[in-house]
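Let's take a walk through this structure together. Keep the picture open while you read, and look up each spot as we come to it.

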Amino acid sequence: AMFMKVALLGGKDKFGEYKYANGDVYTGKWVNDLKNDSKCTYKFATKSLYEGGIKDGKFHGEGKLTKT
């Protein structure tokens with residue numbers, strides 16, 4: 001796994017893209033080292049795409065999953 005295109009927002013807060021070893025890619029914010037963003041994207045290695053909210057590292061609130 002590796003970080004790409006990460007910008008520090010202050011403290012432990014970051015914004016960027018993280019690619020997991022399994023091929024999944026998260027693009028959004030981290031707050032206190034946990035994924036937290038109301039408008040993130042999560043692309044699965046299967047090419048399915050989630051667009052929506054994530055809180056404390058879990059999908060949260062409104063979102064859309066597009067399966068391919």
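The protein chain averages a pLDDT of 88, and 94% of its residues score at least 70. That score is the predictor's confidence in each residue, on a scale from 0 to 100. This is a predicted model, so local features need a pLDDT of at least 70 and side-chain atom pairs count only at 80 or more, while totals for chains, interfaces and linings use all residues. Residues are numbered from 1 along each chain as its sequence is written, and side-chain values use heavy atoms, with hydrogens and water left out. Confidence is lowest in strand 1 (residues 2-10), with a mean of 70, and highest in strand 6 (residues 49-55), with 96. Keep in mind that where pLDDT is low, the predicted coordinates should not be read in detail.

What is the chain built from? It has seven strands and zero helices. Both are DSSP runs numbered from the N terminus: helices are H or I with at least four residues, strands are E with at least two. Reading along the sequence, you get β-β-β-β-β-β-β.

Now for the overall shape. The C-alpha atoms fill a box of roughly 35 × 25 × 15 Å along the principal axes. The radius of gyration, taken over C-alpha atoms, is compared with a globule rule of 2.2 Å times the number of residues to the power 0.38. With 68 residues, a compact globule would come out near 11 Å, and the 12 Å of this chain agrees with that.

How much of the chain is buried? Of the 68 residues, 28% are. Buried means under 20% relative accessible area, exposed means over 50%, and partly exposed is in between (1.4 Å probe, protein chains only). The largest nonpolar core has seven residues: Y18, Y26, W30, C40, Y42, Y50 and I54. Strand 3 (25-31), strand 5 (37-43) and strand 6 each supply at least two residues of this core. A nonpolar core here is a set of buried Ala, Val, Leu, Ile, Met, Phe, Trp, Tyr and Cys residues joined through side-chain atoms within 4.5 Å.

Next, look at how strands sit side by side; two of them pair if DSSP finds at least two bridges between them. Strand 2 (residues 13-19) and strand 3 run antiparallel, joined by six bridges. In this pairing G16 stands opposite G28 in strand 3. The two strands form a hairpin with five residues between them, and G23 in the turn has a positive phi of about 100°. K19 is found in strand 2, and it is partly exposed because its relative accessible area is 37%. From K19 to L65 there are 46 residues in sequence and 19 Å in space, C-alpha to C-alpha.

Further along, strand 6 and strand 7 (residues 58-66) also pair in the antiparallel sense, over six bridges. Find K55, which belongs to strand 6 and stands opposite K58 in strand 7. K55 is partly exposed, with a relative accessible area of 42%. Contact means heavy atoms within 4.5 Å, and, not counting residues up to four places away in sequence, K55 touches K35, N36 and H60. The C-alpha atoms of K55 and S38 are 7.9 Å apart, with 17 residues of separation along the chain.

Strand 6 and strand 7 form a hairpin with two residues between them, and D56 is in its turn. Most residues other than glycine have a negative phi. D56, though, has a positive phi near 50°, and it is partly exposed at 46% relative accessible area. D33 has a positive phi too, about 70°, although it is not a glycine. You'll find D33 in the loop between strand 3 and strand 4 (34-35), partly exposed at 43% relative accessibility.

Last stop: is S48 buried or exposed? S48 lies in the loop between strand 5 and strand 6, and it counts as buried because its relative accessibility is 10%. Leaving aside neighbours within four places in sequence, S48 is in contact with Y42, K43, L65, T66, K67 and T68.
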